[in-house]
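This briefing looks at aromatic pairing, a pocket and the confidence of the model, in that order.

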Amino acid sequence: MSSLFGVPIDVAYQLVCWIAAVLGPLLGGLAAAAAIIVFTMAVRLLVLPLSYYALRGEKARARLAPQVQELRRRHEHQPQRLQRELSALYRAEGSGMFAGCLPALLQIPFFSVVYRLFLSKTISGRRNALLGHNLFSAPLGSHWLSGPGPFSVQGAAFAVLFVLLGAVAVFSLRAASGLAQASQAPQVSMSAQPSTSAQPSTSAQTEKLMAVLGRFMPFGTVLMAAVLPLAAGLYLLTATAWTVTERAILRRAMSRRGQRD
């Protein structure tokens, strides 16, 4: 384990163990699993301001996307002119080409620490005691195909995890689909213009490919959980469910704020 994350992971480990000890009298054997969920939610709450600014930047880029596409089409063979026009557009809108990217990047260290906490077998040279606890008789350090295998109590715990991750992925896709339809509604007049080329452009093909991949990416969490320890899968479920709920609430709040303004 690198020294860069060693101290934060050790601190996070002590916090999760403390939460588990507090919840122990109430939840008994489920205290460790509950502590993982509580700690994950606490971390997500801590980085909520970064999530807000990242989503705001994402919405700004989506709002400017039609104008950016038009500029790219108009100045396709004039890269310097295109750069000047894009800079002027973002400056006029009080945004930036990479708006929201920095807040998103700043969240990575937080998530890396939490992820490695529930993945590492040892913490500061000591056995990770969290992975020795159980969730309905399934060790938090177990893998889907290890030990008794998929057709066991352990396998049943993973099966429930897979179903819940799949449900979160479906909700995520529905939310993304609704957002895409809303953002494309005002662009109908632009897309209705006749194309000057008989063949689809490279950018159009790329967008179609990304759209197809985007439909399957949310379900990648199920594949990840199939190869991760149960503790890491539990963290993954909590984090993805939080993300879907958080983005829905923030988008609604931003929309109401925009209507008032």
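Rings of Phe, Tyr and Trp, the last taken by its six-membered ring, are paired if their centres lie within 6.5 Å, and planes over 60 degrees apart make the pair edge-to-face. The structure shown is a predicted model, and by this rule it holds four aromatic pairs.

**Aromatic pairs**
- The rings of Y52 and Y53 are edge-to-face, because their planes stand at 75° with the centres 5.3 Å apart; Y53 has a relative accessibility of 41% and therefore counts as partly exposed.
- W144 and F162 also form an edge-to-face pair, with 5.3 Å from centre to centre and 85° between the planes.
- This pair links distant parts of the chain, since W144 sits in the loop between β4 (138-139) and α7 (153-184), whereas F162 lies in helix α7, 18 residues apart.
- W144 is partly exposed at 27% relative accessibility, while F162, with a relative accessible area of 16%, is buried.
- One aromatic cluster is formed by W144, F158 and F162.

**The second largest pocket**
- The second largest pocket has a volume of about 250 Å³ and is lined by 14 residues, with A12, F39, V43, F110 and V113 lying nearest its centre.
- Helices α1 (3-27), α2 (31-46) and α6 (108-117) each supply at least two residues of this lining, and α1 gives the largest share, six residues.
- The lining of the second largest pocket consists of 14 nonpolar residues, with no polar and no charged ones.

**Confidence**
- The chain averages a pLDDT of 79, and 78% of the residues score at least 70.
- Among the elements of the chain, α2 has the highest mean pLDDT (93) and helix α8 (residues 188-191) the lowest (42).
- The pLDDT is below 50 over residues 185-200, a stretch that has four contacts in the model beyond near neighbours in sequence.

How values were computed
Residues are numbered from 1 along each chain as its sequence is written. This is a predicted model: local features need pLDDT of at least 70, side-chain atom pairs count only at pLDDT 80 or more; totals for chains, interfaces and linings use all residues. Side-chain values use heavy atoms; hydrogens and water are left out. On a 1 Å grid over the protein atoms alone, a cavity is a set of points where a 1.4 Å probe fits but cannot get out, and a pocket is an open set with protein on both sides within 12 Å along at least five of seven lines; lining residues have an atom within 4 Å of a point. Grid points are joined across faces, edges and corners, and a volume is the space filled by probe spheres set on the points. Helices (H or I, at least four residues) and strands (E, at least two) are DSSP runs, numbered from the N terminus. Ala, Val, Leu, Ile, Met, Phe, Trp, Tyr, Cys and Pro count as nonpolar, Asp, Glu, Lys and Arg as charged, and the others, Gly among them, as polar. pLDDT is the predictor's confidence in each residue, from 0 to 100. Contact means heavy atoms within 4.5 Å. Rings of Phe, Tyr and Trp (its six-membered ring) pair if their centres lie within 6.5 Å; planes under 30 degrees apart count as stacked, over 60 as edge-to-face and the rest as tilted. Buried means under 20% relative accessible area, exposed over 50%, partly exposed in between (1.4 Å probe, protein chains only).
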